[in-house]
Amino acid sequence: MAKKILIKQERKTTVDGRSIRLSKFEKHYVDDDKDFSTQYGMIKEKDLKKIAGSTIKSGKEEFIILNPVFIDHYKQIKRLAQIITLKDIGAIITYTGLTKDSFVLDAGAGSGAVSSFLGMLVKKVVSYDVNDAHLEVAKKNIETLNLKNVEVKKGDVYKGVDEKNIDVFVLDVPEPWRALKTAEQILKVGGFVVSYSPNITQTQKFVAGLNDKFLHEKTVEIMERVWDVRGEILKPKMKDIGHTAFLTFIRKIKK
Ligand SMILES: C[S@@+](CC[C@H](N)C(=O)[O-])C[C@H]1O[C@@H](n2cnc3c(N)ncnc32)[C@H](O)[C@@H]1O
């Protein structure tokens, strides 16, 4: 069995010079070993097995078939704990300069979203959490994505971890300042801690807790504005403007 992506583009017509939408854009993540039912009719298993780029008719609608890539699988992961958004994961990757040789420590594992995304890029990720239910979901997601280099462990990062020589330590926990001792012990000189906190009061306490072994590089909030670009409609989609969290980047500068 393989997964396939089905894309149906918006269908429109023009009446008296006005554009009218007949059906909406749709995207489905489907198994190719059984028929897939849509509101327009059934798409047969044999059609789902067609090569990427093929079109399949269902009623008046046309679906394009694609082979999923990592991001399509990633978007299907189960969410129990709130996950870090893609825009913020992007900043973590680029501002710390993660590479295929990097060793990452992540806490808390939560739904395993960050550990999975980074696992797809780096050499190794170890992810800690204190909550059994979250650990279960994170493990399942990592297994589904077939990431062999991501390990999930039970443990409290405020107390310490087994790993050493970490390049990047990602913290998404309620009291990140309590993990600074751990960060000092496990990070390589030159390594980064990225702390992700929804509230600026958490950021304030985190930065206030730094000693002279750390350099506060920056605290940023990444704002993403998705735009509507449809004919003469050219404007930001208001509902997409929202706060997620503050990202604080600190660097270990002394042994
Ligand atoms: C918001 S979730 C993390 C989500 C994760 N970054 C993701 O993208 O899927 C916060 C997690 O931190 C865990 N946590 C809280 N305190 C912790 C600690 N001291 N050590 C390890 N994990 C902790 C919680 O159980 C929870 O699962």
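**Ground rules.** I am working on a predicted model, in which local features need pLDDT of at least 70, side-chain atom pairs count only at pLDDT 80 or more, and totals for chains, interfaces and linings use all residues. I number residues from 1 along each chain as its sequence is written.

**Overall.** I noted 7 helices and 17 strands in the chain. Along the principal axes, the C-alpha atoms fill a box of roughly 70 × 45 × 30 Å. Domain 1 covers 3-68 and domain 2 covers 73-252; such bounds come from an automatic or database domain assignment. I recorded 36 Å between the centres of domain 1 and domain 2, taken over C-alpha atoms.

I took burial next. A residue is buried if 20 or more other C-beta atoms lie within 10 Å of its own, exposed if 12 or fewer, and partly exposed in between, with C-beta atoms placed from the backbone. By that count, 31% of the 255 residues are buried. For contacts, the C-beta atoms of two residues, placed from the backbone, must lie within 7 Å. Among contacts between residues at least 6 apart in sequence, 60% join residues at least 24 apart.

**Positive phi.** I went back to Asn165, which has phi near 55°, a positive value in a residue other than glycine. Asn165 counts as exposed because it has 9 C-beta neighbours inside 10 Å. Asp16 also turned up, with a positive phi near 50° in a residue other than glycine. I placed Asp16 in the loop between strand S2 (11-15) and strand S3 (18-23). With 5 C-beta neighbours inside 10 Å, Asp16 is exposed.

**Cores.** I looked for nonpolar cores, meaning sets of buried Ala, Val, Leu, Ile, Met, Phe, Trp, Tyr and Cys residues joined through C-beta atoms within 7 Å. The largest has 46 residues, and Phe169, Leu171 and Val194 have the most contacts inside it. A second, separate core has 6 residues, including Leu6, Ile43, Phe63 and Ile65. I then listed the contacts of Phe169, leaving aside neighbours within four places in sequence: Leu105, Ala183, Ile186, Leu187 and Val193.

**Helix H3 (86-96).** Which residues of H3 are buried? I found Asp88, Ile89, Ile92 and Thr96. Seen down the axis, these buried residues fall within an arc of 105°, so they line one face of H3; the arc is that of the directions from the helix axis to the C-beta atoms. The buried residues pack against H4, S12, S13 and S17. On the other side of H3, Lys87 and Thr94 are exposed. Just after H3, Gly97 takes a positive phi of about 65°.

**Helix H7 (200-208).** I read Gln202, Thr203 and Phe206 as buried. They cover an arc of only 100° around the axis, which puts them on the same side of H7. Their cover includes strand S13 (187-197), strand S14 (214-220) and strand S17 (246-252). The face turned away from the buried side carries the exposed residues Ile200, Thr201 and Ala208.

I counted as near any residue whose C-beta atom, placed from the backbone, lies within 6 Å of the molecule. Of the 22 residues around the ligand, Ala81, Gly108, Gly110, Ala113 and Asn131 come nearest. Helix H4 (113-119) and strand S10 (124-129) are the elements that give two or more residues to this shell.

I followed up Gly108, which is in the loop between strand S9 (103-107) and H4. The peptide bond from Ala107 to Gly108 is cis, with omega near -15°.

**Lys78.** I located Lys78 in the loop between helix H2 (70-74) and H3. Lys78 is partly exposed, with 13 other C-beta atoms within 10 Å. Leaving aside neighbours within four places in sequence, I found Lys78 in contact with Ser111, Val137, Lys140 and Asn141. The C-alpha atoms of Lys78 and Lys154 are separated by 19 Å, and the two residues are 76 apart along the chain.

Definitions and conventions:
Helices (H or I, at least four residues) and strands (E, at least two) are DSSP runs, numbered from the N terminus.
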